[in-house]
Amino acid sequence: MYKIPLTNSPNQNCSTTVPVNGENKDFTFVLNYNEQAQYWSMTLMDSLTNEILFSQLPMLFSFFEFANMITQLSYKQVGSIYICPIQETQSSAPNDKDIGQKYILVWGDNE
């Protein structure tokens with residue numbers, strides 16, 4: 001598992017290399033906070049081709065088989081992505097102040 005560093009800046013872009021199934025993949029993340037709906041969303045692009053792999057995926061956490069945020073996109077072979085609470089919280093999603101502090105983004109191999 002690989003932790004993606006996040007901040008609570010309202011609109012953020014970052015590029016990073018993530019190990020997936022023994023291979024390094026270069027991704028660009030675009031994270032946006034929706035003030036009205038009060039949740040974060042993530043767009044993921046291949047850094048080499050600028051292909052959008054998915055767009056505006058809500059960043060919610062869950063348990064068991066629904067924990068992987070991109071289960072329905074497993075055919076893209078970009079790994080598994082989890083938003084995980086590291087402190088007890090009443091919410092199922094990070095807000096504009098606690099992402100990167102009470103919630104972390106973790107990346108793993110394909111399931």
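Predicted model: local features only at pLDDT ≥ 70, side-chain atom pairs only at ≥ 80, totals over all residues.
View 1. Residues are numbered from 1 along each chain as its sequence is written, and side-chain values use heavy atoms, with hydrogens and water left out.

**View 2. The aromatic cluster of Phe-27, Phe-29 and Trp-107**. A search of the whole structure finds 3 aromatic pairs, where rings of Phe, Tyr and Trp (its six-membered ring) pair if their centres lie within 6.5 Å, and planes under 30 degrees apart count as stacked, over 60 as edge-to-face and the rest as tilted. The pair of Phe-27 and Trp-107 is stacked, because the ring centres are 5.1 Å apart and the planes stand at 25°. Phe-27 belongs to strand E3 (residues 23-34) and Trp-107 to strand E7 (residues 103-108), so this pair ties together parts that are 80 residues apart in sequence; strands (E, at least two residues) are DSSP runs numbered from the N terminus. Phe-29 and Trp-107 form an edge-to-face pair, with 5.5 Å from centre to centre and 80° between the planes. Since Phe-29 also lies in strand E3, its pair with Trp-107 in strand E7 ties together parts 78 residues apart in sequence, and both Phe-29 and Trp-107 are buried.

**View 3. An open sheet of 4 strands with antiparallel pairing**. The strand order is E2-E3-E4-E5, and two strands pair if DSSP finds at least two bridges between them. Strand E2 (11-20) and strand E5 (52-58) are the edge strands, each pairing on one side only. Neighbouring strands of this sheet are turned by 20° against each other on average, direction ignored, with axes taken as lines fitted to C-alpha atoms. E3 and strand E4 (residues 39-46) pair in the antiparallel sense over 8 bridges, and Val-30 stands opposite Thr-43 in E4.

**View 4. The salt bridge of Lys-97 and Asp-96**. The structure holds 1 salt bridge, a term for a side-chain nitrogen of Lys or Arg within 4 Å of a carboxyl oxygen of Asp or Glu. The side chains of Lys-97 and Asp-96 meet at 3.4 Å, N to O. Lys-97 is exposed, with a relative accessible area of 56%, whereas Asp-96 is partly exposed, at 25%.

Terms used. Buried < 20%, exposed > 50% of the residue type's maximum accessible area, 1.4 Å probe, protein only. Axes fitted to C-alpha atoms, helices over the stretch in contact; angles between N-to-C directions.
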